[in-house]
Amino acid sequence: MRFSATVACLTACLASAEALSVFNGRAPNAIASDDGKKVPGESPLEFCEAEHADDIVKIEKVDLSPNPPAAGKELVIEASGIINETIEEGAYVMLTVKYGLIKLLSTKADLCEQIGNVDLKCPLEKGKMVITKSVDLPKEIPPGKYNVLADVYTVNDKKITCLTATVTFSMGNGFFSNEL
């Protein structure tokens, strides 16, 4: 299946090249919450604190396999949702990655450019989307707790969606293991 704006946001939160290649590293353990913000399915994704009734993308479910992801392994992301309005050129993602309280990355990325990396192009037409995306995860990443925020907007600054994820990388595998 093809990639959509939904999965462009999801992979940013789930150890894709855009979000976690900065760390060149190990796969996360998800930290889930029980406050109703969790995106349905098996993943660390949550909706941001904001109201989501008017979001252009309605995420129905996101599953990761394996969950939690494993360092140096392939991660398969399966997602479904509905795009309620066509997403045009100029849409963008505000992406922030923090290591504890330290901001590692804060960038504004062109959404249409990013989805071009996975064989899609804008405009993304409205309708039901079912996506499967495979990501090869790298082996090394400094251990610690990472918080990722992906806030996605149209060219006219209308909210597409907003997602967060908290992932914890622990010692024992990858670059910081005893395998060195």
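**Ground rules.** I number residues from 1 along each chain as its sequence is written, and side-chain values use heavy atoms, without hydrogens and water. Because the model is predicted, I take local features only at pLDDT of at least 70 and side-chain atom pairs only at pLDDT 80 or more, while totals for chains, interfaces and linings use all residues.

**Entry 1: the chain.** I looked up the secondary structure first. The protein chain has three helices and nine strands (DSSP runs, H or I of at least four residues for helices, E of at least two for strands, numbered from the N terminus). Along the sequence I read α-α-β-β-β-β-β-β-α-β-β-β.

I then checked burial. Of the 180 residues, 47% count as buried (under 20% relative accessible area; exposed is over 50%, partly exposed in between, with a 1.4 Å probe and protein chains only). The accessible surface comes to about 8,900 Å² (Shrake-Rupley method, 1.4 Å probe; for residues, only the protein chains shown count as cover). Carbon and sulfur atoms hold 51% of that surface.

Contacts came next (heavy atoms within 4.5 Å). Among those with a separation of 6 or more, 69% join residues 24 or more positions apart.

**Entry 2: salt bridges.** I searched the whole structure and found six (a side-chain nitrogen of Lys or Arg within 4 Å of a carboxyl oxygen of Asp or Glu).

**Entry 3: Lys-37 and Glu-49.** Their side chains meet at 2.8 Å, N to O. Lys-37 sits in the loop between strand E1 (29-30) and strand E2 (45-47), and Glu-49 in the loop between E2 and strand E3 (57-65), so the bridge ties parts twelve residues apart in sequence. Glu-49 is exposed, at 66% relative accessible area.

**Entry 4: Glu-60 and Lys-128.** The closest N and O atoms of this salt bridge are 2.2 Å apart. Glu-60 is in strand E3 and Lys-128 in strand E7 (residues 127-136), so I log a link between distant parts of the chain, 68 residues apart. Glu-60 is partly exposed, at 31%.

**Entry 5: Glu-85 and Lys-158.** Here the closest N and O atoms are 2.4 Å apart. Glu-85 lies in the loop between strand E4 (74-83) and strand E5 (92-99), Lys-158 in the loop between strand E8 (144-153) and strand E9 (159-169), so the pair ties parts 73 residues apart in sequence. Glu-85 is partly exposed at 32% relative accessibility, and Lys-158 is partly exposed at 36%.

**Entry 6: a network.** I also noted shared partners: salt bridges join Lys-37, Glu-46 and Glu-49 into one network.
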